[in-house]
Structures are given as structure tokens and as C-alpha cells.
Amino acid sequence: TCLTQATMEKSLQALCLLRKGRIVYANEKFGELLGYRPGEMSRVEGVKFLDVVHPDYRYLVRGCFERSRLRPQKQNHLELALLGGAGGTVWVEVLIRDVEVENGPAACVYILDATERKRLEETIRDQHKELARRAAFQHSLLENAGNAIFMPEPSKDGRRKVVRMHQ
């Protein structure tokens with residue numbers, strides 16, 4: 001695969017190009033993702049890619065680079081966190097692929113922002129836990145009730161409903 005700088009610049013996706021683990025080029029979308037203002041990309045060029053990867057996920061990226069050395073032309077798909085320019089964490093999905101550029105072989109990192117998806121997944125997990133907690137409480141309430149339990153809210157006809165009768 002041959003990439004040109006013009007192709008990378010026009011991409012709607014965050015991209016960076018690595019040589020020997022260092023960022024040799026990053027498009028503006030990459031900068032936006034990490035919270036850099038336009039024109040600040042020179043701050044990341046020359047930096048080790050691992051330095052922008054959250055410490056908890058560096059082992060994944062190292063493994064990816066090792067596999068790439070052993071099996072060239074393979075691609076690696078990862079989900080990890082990057083460190084933003086202001087110190088925040090940005091959840092991303094990355095695809096690292098060996099490419100051929102004007103000056104020889106490199107690794108191209110295609111990056112999608114996954115922060116919103118991760119936030120929604122966490123919200124769903126929290127809601128699921130809350131529903132399970134409520135269901136367990138209702139089950140316990142029903143199992144330990146006396147003769148009858150009445151719904152706290154009236155039905156459409158204004159009368160209360162019996163949920164369960166114990167004998």
C-alpha cells in the first residue's frame with residue numbers, strides 16, 4: 001500500500017505514520033483527536049507513538065509492533081486509550097498496518113474516536129446493574145411478603161393491582 005501526504009491530509013480519519021516507533025507524520029484529525037490546536041502538530045512529530053498511548057495499553061502496542069516485525073504486511077486492530085494533549089484520556093480503535101511510502105517502509109496508524117461509544121457502553125452496563133439490583137430487591141420482597149403485595153401505582157382504572165398472593 002502506498003500512501004501520500006496529500007491522501008493522509010484529506011482523510012476524514014485520524015492518521016499518523018510511524019518509523020521505528022516514532023511519529024514522522026500526523027494529520028490534523030490526529031491533532032484534533034488529542035486536543036491540539038491547528039498548527040501544533042509539530043509537537044507530536046518525532047515523538048514515540050508509545051508516549052501518546054495510555055500506560056495501561058502500551059503492552060498491546062508493543063506486541064503489535066513485535067508481530068509486525070515477525071510477519072510483515074499484517075494489520076493489527078486494537079482498542080486502547082491515548083493520552084490527550086491536555087492530559088485527558090481518549091478512547092480509540094486503531095488499525096496499524098505496514099505500508100510503503102516514498103522513503104521506504106513504515107506503519108500507518110488509522111484511528112477512530114471511540115470515546116462516545118465507550119461512554120455509552122458504560123452507561124448501559126451501569127443501567128443493567130441497576131436493573132439487576134432492582135429485580136433482586138423485588139424478588140426478595142415478593143418471597144418475604146405476607147399474604148399479598150399491592151402495586152404502589154394505581155392501574156388505568158384507578159384501582160390497585162395485586163402482584164402476587166402467598167398462601
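Reader: What's the mean pLDDT of the chain, and what share of residues reach 70 or more?
Author: The mean is 79, and 75% of the residues reach 70 or more. pLDDT is the predictor's confidence in each residue, on a scale from 0 to 100. This is a predicted model, where local features need pLDDT of at least 70 and side-chain atom pairs count only at 80 or more, while totals for chains, interfaces and linings use all residues. Residues are numbered from 1 along each chain as its sequence is written, and side-chain values use heavy atoms, with hydrogens and water left out.

Reader: OK, the layout. How many helices and strands does the chain have?
Author: Four helices and seven strands. Those are DSSP runs numbered from the N terminus, with helices being H or I over at least four residues and strands being E over at least two. From the N terminus on, the order is α-β-β-α-α-β-β-β-α-β-β.

Reader: What does S1 pair with over four bridges?
Author: With S2, in the antiparallel sense. Two strands pair if DSSP finds at least two bridges between them. Cys16 has Ala26 in S2 as its bridge partner. The hairpin of S1 and S2 has two residues between the strands, and Lys20 there takes a positive phi near 55 degrees.

Reader: And how many bridges join S1 to S5?
Author: Five, with S1 (residues 14–19) and S5 running antiparallel. Leu15 stands opposite Tyr110 in S5.

Reader: What about S4 and S5, how many bridges there?
Author: Ten bridges join S4 (residues 89–101) to S5, and these strands run antiparallel too. Val94 stands opposite Ile111 in S5, and a hairpin joins S4 to S5 through two residues.

Reader: Is S5 (residues 104–113) mostly covered or mostly open?
Author: Mostly covered, since seven of its ten residues are buried. Buried means under 20% relative accessible area, exposed means over 50%, and partly exposed is in between (1.4 Å probe, protein chains only). Across the chain, buried residues make up 34% of the 167 residues.

Reader: Which residues have the most contacts inside the largest nonpolar core?
Author: Cys16, Phe30, Phe49 and Ile111, in a core of 27 residues. A nonpolar core here is a set of buried Ala, Val, Leu, Ile, Met, Phe, Trp, Tyr and Cys residues joined through side-chain atoms within 4.5 Å.

Reader: Where does the largest share of this core come from?
Author: From S4, which gives four residues.

Reader: What's in the second, separate core?
Author: Eight residues, including Leu15, Leu17, Val99 and Cys108.

Reader: Switching to charges. How many salt bridges does the structure hold?
Author: Eight. The cut-off is a side-chain nitrogen of Lys or Arg within 4 Å of a carboxyl oxygen of Asp or Glu.

Reader: What does Arg117 form a salt bridge with?
Author: With Glu79, and the closest N and O atoms are 2.5 Å apart. Arg117 lies in helix H4 (residues 115–143) and Glu79 in strand S3, so the pair ties together parts that are 38 residues apart in sequence.

Reader: How accessible are the two, starting with Arg117?
Author: Arg117 counts as partly exposed at 30% relative accessibility, and Glu79 is partly exposed with a relative accessible area of 32%.

Reader: Which residues are linked with Arg117 in a network of salt bridges?
Author: Glu79, Glu93, Lys118 and Glu121 are linked with Arg117 in that network.

Reader: Where do Glu130 and Arg133 lie?
Author: Both lie in helix H4, three residues apart, about one turn of the helix. Glu130 is partly exposed, with a relative accessible area of 29%, and Arg133 counts as partly exposed at 49% relative accessibility.

Reader: And what's the N to O distance for Lys29 and Glu32?
Author: That salt bridge comes in at 3.9 Å. Lys29 and Glu32 are three residues apart in helix H2, so about one helical turn separates them.
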